[in-house]
Amino acid sequence: MSPERVLQELSEQHLIDDRQRAAIRSAEADKLFSVHWELRVLLYAGILAFSMGVGLLIYKYIDQIGHSFLIAALAVVCAGCFAFAARFRAPFTKARTHSRSPFGDYALLLGCLLFLTLEGYLQYQYHFFGNRYGLVTFLPAVLFLALAYGFDHRGVLSMGLTALISWIGVTVRPLEFYFRGNFRDMTVLLSAIGLSLALMGGALLLDRRRVKRHFTLTTLAFAGNLLLVALVAGLFHFEELNLIFAAGLAVACFGFDTYARRERSFVFLLMSTIYGYIGVTYLVFHYLHPHNEAAYLYWILTGIGVTVYLSTQRNQVQ
Amino acid sequence: MKAYNETWVRNKRILEQATRWERQGLLDASQMAGIRERFPVGFHDANGFIEIGLFIFTVVAVSGSYFLLATLLSALLEKTILYHLFNLTFGLAVGLLANRLITTRRFYRSGVDNALILVTVALIAAGLAGLLPDSLPTWAYCLAMLPVLLLGVAYYADLLLTLAAYGTLVTTLVDLLLDVPGGHHFLPFVGMALATGLYMLARRYENDERLLYWKDNIILSEWLSISLLLISCNYFIVRQIYFWRMENRPPEPPEIPAAWLYWALTFLVPLLLFYIGIRQKERPLLIMSAIGWGIALTTWRYYHALLSTEAYLTLNGLILMALAIALIRYLRRPQNGFTDRPDEDSPKQFLIDPETMATIQATTGRPGPKGMPFGGGDFGGGGSGDRY
């Protein structure tokens, strides 16, 4: 339906007068075609391609002349990016702020990506951090989290959280929908649970103090997924502790469900439903061993049950 | 015959447009209230995340029912014809359930109805195709399923069905032409002609008020048609198709006749799309032309690699950044109707989330050289497997 046709409809129903109709029509006629997001994606793709390219390039010609020049040049570009971002940084406030340059956020992002490349190179070539491998990921995690809050940058926040999670030995690959880590290892599992609880606590505390409240969702989604994955993995891998992990999962799902309904953040409702369902299904199949018909009946009843639950939620929360 | 209340669909469109004007300050709140009252929308507005959950668990419940019934009737279903009739009957039953829920629960693209519609049409199409003789070529089965899919699109205006119908149509044509001796010579041109024809048809009717119910489907088929056009004329694709048709295949696909023509098309079509996109200010054309240009360069690199992957990525990254920065600076003041100021027509939500995802993905990409010891999780600034 064209805007003109909608206008005609509103006019026929006497919902707008002729003067307003003319104003809207002229606004529509003067409307500009915005390529804002398309250009941002172009810039973004450029940054990712460039940082990825140089990331590989520095290892490729590692023993050749000009190599140190390349490293030095990258260090200069990296520092330049941070300097540019800092120059146009808006003063820190608890609320949302924006860089005074349209390129500030992107310079910061490129700076952070190059920092990772250079840091990895330092460790590879000179064993800069010796055998303290934890430091290699912990350092950028702390740096990125600080930069994210200082510069108000959600992309850098995600990078910091990713680094923090990989510090305890878990890899996040959202495009492949996975968290990978050795969850059979109790230390990794407990660190994941501890870290996610600490992150969620921190996020909620900062949210209550009204510090960068638009970060809350990102941090909670990261930490929440980590917590639920860890609990489900614990349920799968440690049979003797089934009860504890099942109880933990139930509490976590209940918590996310409550939070989702209070904050109207449906992503947490979806998370708690799916992880909770996986947990319950695992327990049912592990202990009751339902065969064919019983299993199908289980899918039918639970499928309908969850569908009804979700659709009534929608009505309430809306 | 339409599954959903057409007046509500229409009112929904009017409200969307009015809300946009309200945000621009062209309508005030009391007027908006009046508009909402005059153009009621009875559908239950659902949230995207909830819809995903509803879709998944509806599929769980329906599959459970399907397999339960199939198990209970397993003795009967050993006869092939009865099995296909069972599929048809089950599909029809799910369709009736879908209609009942659409009426009583006022679902409109709410996840539950999407899942039920998909199961209905898939089972009916598969059941009908199963009733055909066994040894027919693929295109014949596709041709038999196409009317069912198209009827489904006409009745439900569902987007996944539209995608399936488009895919089936293209598969029919490709398979048919590859079956005909020498047909592969015409395949690129038939593909291009089909894509262009469907695109022009879609553009002609996208704002037609009589087709309002299917507006999203028409827009989707525009995107699909441009993609088909880019694929049909791509040198790599054409060369592969010639290769498939060869009797004795050498290890590598050999050069094809009229290679220069396909090379020219690979590069010229995206340029042409870009030109038309700028002239007509059409977002799908502009976005697809950029993607098409990327595909063209990648195709060229596949056969004539000038630089190593690393150098290529670095250089392209620099070019992309420079281009974007130049354009953003240039468009600080509107030029020829284009602006850099964000507005609501931009597919913002589509872009932000993938951006975050890609950042994280790039952050945790494989570290440059193999075997570099890190804390345990992969974490390095090196390359990730993605094209970005």
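**View 1. Helix 3 of chain A against helix 13 of chain B.** In this predicted model, helix 3 of chain A goes past helix 13 of chain B with a left-handed crossing. Here we're looking at residues 36-60 of chain A and residues 309-330 of chain B, with axes that come within 7 Å and cross at roughly 150°. Angles over 145 degrees count as roughly antiparallel, so that's the label for helix 3 of chain A and helix 13 of chain B. Sort the contact residues by class and you get 21 nonpolar, five polar and two charged.

**View 2. Helix 3 of chain B against helix 5 of chain B.** Now we stay inside chain B, where helix 3 (residues 48-72) and helix 5 (residues 112-131) have axes that come within 7 Å and cross at roughly 40°. The two helices of chain B are therefore oblique to each other, and the crossing is right-handed. On the helix 3 side, look for B:Leu54, B:Phe55, B:Thr58, B:Val59 and B:Val62; they meet B:Val112, B:Asn114, B:Ala115, B:Leu116 and B:Val119 of helix 5 of chain B. That contact has eight nonpolar and two polar residues, and no charged ones.

**View 3. Helix 5 of chain A against helix 6 of chain A.** Back in chain A, the axes of helix 5 (residues 104-126) and helix 6 (residues 133-151) come within 11 Å and cross at roughly 165°. This makes helix 5 and helix 6 of chain A another pair to call roughly antiparallel, and their crossing is right-handed. Helix 5 of chain A brings A:Leu108, A:Cys112, A:Phe115, A:Leu116, A:Glu119 and A:Gln123 to the contact, while helix 6 of chain A brings A:Val136, A:Pro140, A:Phe144, A:Leu147 and A:Phe151. By class, that's nine nonpolar residues, one polar and one charged.

Technical notes. Residues are numbered from 1 along each chain as its sequence is written. Chains are lettered from A and ligands numbered from 1 in the order in which they are written. This is a predicted model: local features need pLDDT of at least 70, side-chain atom pairs count only at pLDDT 80 or more; totals for chains, interfaces and linings use all residues. Axes are lines fitted to C-alpha atoms, for helices over the stretch in contact, and angles run from 0 to 180 degrees between N-to-C directions. Helices (H or I, at least four residues) and strands (E, at least two) are DSSP runs, numbered from the N terminus. Angles under 35 degrees count as roughly parallel, over 145 as roughly antiparallel, 65 to 115 as roughly perpendicular and the rest as oblique. A crossing is left-handed if the near helix is turned anticlockwise from the far one by less than a right angle, and right-handed if clockwise. Two residues are in contact if their C-beta atoms, placed from the backbone, lie within 7 Å. Ala, Val, Leu, Ile, Met, Phe, Trp, Tyr, Cys and Pro count as nonpolar, Asp, Glu, Lys and Arg as charged, and the others, Gly among them, as polar.
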